[in-house]
Amino acid sequence: MSGDPSLQRRFYESRPHGHLQPRAEDFYAAKLVATLAAGIDLGAQDRVLEVGAGFGRFTFELLRHCGSVVALDLSPRALATLDEARAARGIDVACCETRCGDLTQTGDHASDERFRCIVGFFILHHLPDVPAAIRGLARRLAPGGTLAFVEPNRRNPLFLAQVACCADMTWAEEQGMFRLSAHGVVSAVRAAGLEPLPLQRFGFFPPQLLNRSETIRRLESRLERVRLLEPVLPFLLLRARSTATG
């Protein structure tokens, strides 16, 4: 995505982005969040900073695994939608707080608060300078805290079809997924003074199928265990840990 925050805001405020909206039942979002939560030992008392929260598709699933979420995004419209969905669900604002700001401007997006967990879903490949963003987020981690992102696996060819077929997605906005590499993220977290944790690849089917059929979900679970398929599974769980002790 363009490095100009005003262009990013305009992108999210000029289209409906139906595929990013929170849903009452969304097995796809639930699975991505549950995989991340298990991968970082997310606990019921944890306060999580979610960067690039958008309309909240993953935010409410996060709340099933932690105590509270601070949802950060550039777009006032997206956060207003998230706030409306929060209120409709009867969730207290103390459990789900929205903050509008640029995660690359680390000096003011979360005051002086430090988080044990900072997470993001499909945000890194939109950023113009991933190493700089990770350096800034590393400063927001509490000692021993964990940074975790779910990102597309650029080795999976179906993402090209998704960009071509989804009316709310454009090559100009999504081309970053084909530049972002796991190796590049590992290098960035090391440069930020963090310890990279093992990479996990998972998933198989797109949300349109996964949300429709229990049979598809069971089949996906089996396919994820096929070793020959592992390099091209569609999602990457990228994690790093702060080694600071105080």
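**Salt bridges in the predicted model.** The salt bridges number 14 by the rule applied here, and the structure is a predicted model.

**Close-up of Lys31 and Glu224.** The two side chains form a salt bridge, with N and O 2.9 Å apart. Lys31 belongs to helix α2 (residues 27-39) and Glu224 to the loop between α10 (214-223) and β8 (235-242), so the contact ties together parts that are 193 residues apart in sequence. Lys31 is buried, at 16% relative accessible area.

**Close-up of Arg47 and Glu97.** A salt bridge joins these side chains at 3.2 Å, N to O. Because Arg47 lies in strand β1 and Glu97 in strand β3 (residues 96-100), the pair ties together parts that are 50 residues apart in sequence. Arg47 is partly exposed at 26% relative accessibility, and Glu97 is partly exposed at 25%. Both residues belong to a salt-bridge network that also includes Arg99 and Glu113.

**Close-up of Arg218 and Glu214.** The closest N and O atoms of this salt bridge are 3.9 Å apart. Arg218 and Glu214 are four residues apart in helix α10, a separation of about one helical turn. Arg218 is partly exposed, with 44% relative accessibility; Glu214 is also partly exposed, at 44%.

The buried residues of α5 are Val130, Ala133, Ile134, Gly136, Leu137 and Ala138. Among the elements covering them are β1 (47-51), β4 (115-121), β5 (141-152), α8 (182-191) and β6 (194-196).

Terms used: Residues numbered from 1 in each chain as written. Predicted model: local features only at pLDDT ≥ 70, side-chain atom pairs only at ≥ 80, totals over all residues. Heavy atoms only, no water. Buried < 20%, exposed > 50% of the residue type's maximum accessible area, 1.4 Å probe, protein only. Helix = DSSP H or I, 4+ residues; strand = E, 2+ residues; numbered from the N terminus. Contact = heavy atoms within 4.5 Å. Salt bridge = Lys/Arg side-chain N within 4 Å of Asp/Glu carboxyl O.
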